[in-house]
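The entries follow in the order of my checks.

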Amino acid sequence: MKGLPLQPRDETGEVRWAVRGETGRLGEPLLHLHVQAAPVLVCQRCMEPFAYPIDAHVSLHLVKSEAELDDGLDEVAQDADDDADDIESGPEKVVGSRHFDLLEQVEDELILNIPYVPRHDVCPDTPLKTSAGQPADGADAGKRPSPFAVLEKLKQKH
């Protein structure tokens, strides 16, 4: 994929996917896609690479034309206005054909599941900091003067 660092060529860089087709309750063609991967991304905090696990499931409703993609959108918008808390999202509609590119759909799912700003939960080799910006273990607490120390000295002079 474009924009990503070089991916490993061994099994850690593999993308595993499975697809299952079925006919829905109303006779509509459905595909259920499951994609698993761990692409290497670059953390935007520490700029170090890390593997980001993806385990995505998506249901796709195959339609015959782009015009069918818009069918039912007005009903969905009406339902959303009526009761926004109880909306169940149905299968995503995609235009299908005899030459449907399933690998392109797998790639799209991977792209959709990669965070816009990838980052570690906790960056390695960096000390945890408290909300005041000091290391959590207090190791540097004695080395740095308080930013208010100057104010304290001014107060003592007067």
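I counted a disulfide as a pair of cysteine sulfur atoms within 2.5 Å. By that rule the structure holds zero disulfides. I checked C43 and found that its nearest cysteine sulfur, that of C123, is 3.6 Å away. C123 is likewise in no disulfide.

The model is predicted, so local features need pLDDT of at least 70, side-chain atom pairs count only at pLDDT 80 or more, and totals for chains, interfaces and linings use all residues. Residues are numbered from 1 along each chain as its sequence is written, and side-chain values use heavy atoms, with hydrogens and water left out.

Next I asked: is C43 buried or exposed? Buried means under 20% relative accessible area, exposed over 50%, and partly exposed in between (1.4 Å probe, protein chains only). C43 counts as buried because its relative accessibility is 0%. C123 is buried too, at 11%.

I then turned to the core. A nonpolar core is a set of buried Ala, Val, Leu, Ile, Met, Phe, Trp, Tyr and Cys residues joined through side-chain atoms within 4.5 Å. The largest one has 16 residues, and L33, V35, I54, L60 and L110 touch the most other members. Strands β2 and β5 and helix α3 each supply at least two residues of this core (helices, H or I, of at least four residues and strands, E, of at least two are DSSP runs, numbered from the N terminus).

L33 lies in β2, residues 29-37, and is buried because its relative accessibility is 3%. Its C-alpha atom is 5.9 Å from that of A18, 15 residues apart along the chain.
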